[in-house]
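This report covers the salt bridges of the model shown below.

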Amino acid sequence: MSVRINTKALGLKKPIFIEQSVRNVKLANEIMNKMLKLGIEEEKVEAINFEELDEKDTTEKILEINTLEASYIDDAFSFLQEILKLSNKEKELAESTLTMEKLGEYLNYVVMRVKGISGNPEAITEKDPKKD
């Protein structure tokens, strides 16, 4: 079965249709696991009292989370490019359009759509303040 994916949050104008194939569900599960792992690691870092750590330990913890976040970003855009069949130019547009928060929301939206759960694309697009 094919599902419609709203791409306005990526800076694109037309929706993309993707299949709910086993392969796509597997890719969606993999990226969701990476999102969850990043969330767990970020919570661990937030729980650290950096005032009690020496400079070296603080630097190592910050480097660790930055490395994990960079890896997540690369994986997230690779996932989007692969599952949505984005060109390199479209991927670059998405990278320059999405914030970290919107990236997470959009990934969640795509994963849910691939898994057959209705998503609300309006929740992940910027609202026009003039219409509020």
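## Glu41 and Lys44

The side chains of Glu41 and Lys44 form a salt bridge, at 3.3 Å from N to O. A salt bridge here is a side-chain nitrogen of Lys or Arg within 4 Å of a carboxyl oxygen of Asp or Glu. Glu41 and Lys44 are three residues apart in helix α1, about one helical turn. Helices are DSSP runs of H or I with at least four residues, numbered from the N terminus.

Glu41 is partly exposed, with a relative accessible area of 22%, and Lys44 is also partly exposed, at 47%. Buried means under 20% relative accessible area and exposed over 50%, with partly exposed in between (1.4 Å probe, protein chains only).

## Basis of the values

This is a predicted model, in which local features need pLDDT of at least 70 and side-chain atom pairs count only at pLDDT 80 or more, while totals for chains, interfaces and linings use all residues. Residues are numbered from 1 along each chain as its sequence is written, and side-chain values use heavy atoms, leaving out hydrogens and water.

## Lys56 and Glu60

In helix α2, Lys56 and Glu60 are four residues apart, about one helical turn. Their salt bridge has its closest N and O atoms 3.3 Å apart. Lys56 is exposed at 55% relative accessibility, whereas Glu60 is partly exposed at 40%.

## Glu82 and Arg23

Glu82 forms a salt bridge with Arg23, with 2.2 Å between the closest N and O atoms. This pair links distant parts of the chain: Arg23 lies in helix α1 (residues 22-46) and Glu82 in helix α2 (residues 55-84), 59 residues apart. Glu82 is partly exposed, with a relative accessible area of 35%; Arg23 is partly exposed, at 41%.

## Count

By the 4 Å rule, the model has five salt bridges.

Methods
Helices (H or I, at least four residues) and strands (E, at least two) are DSSP runs, numbered from the N terminus.
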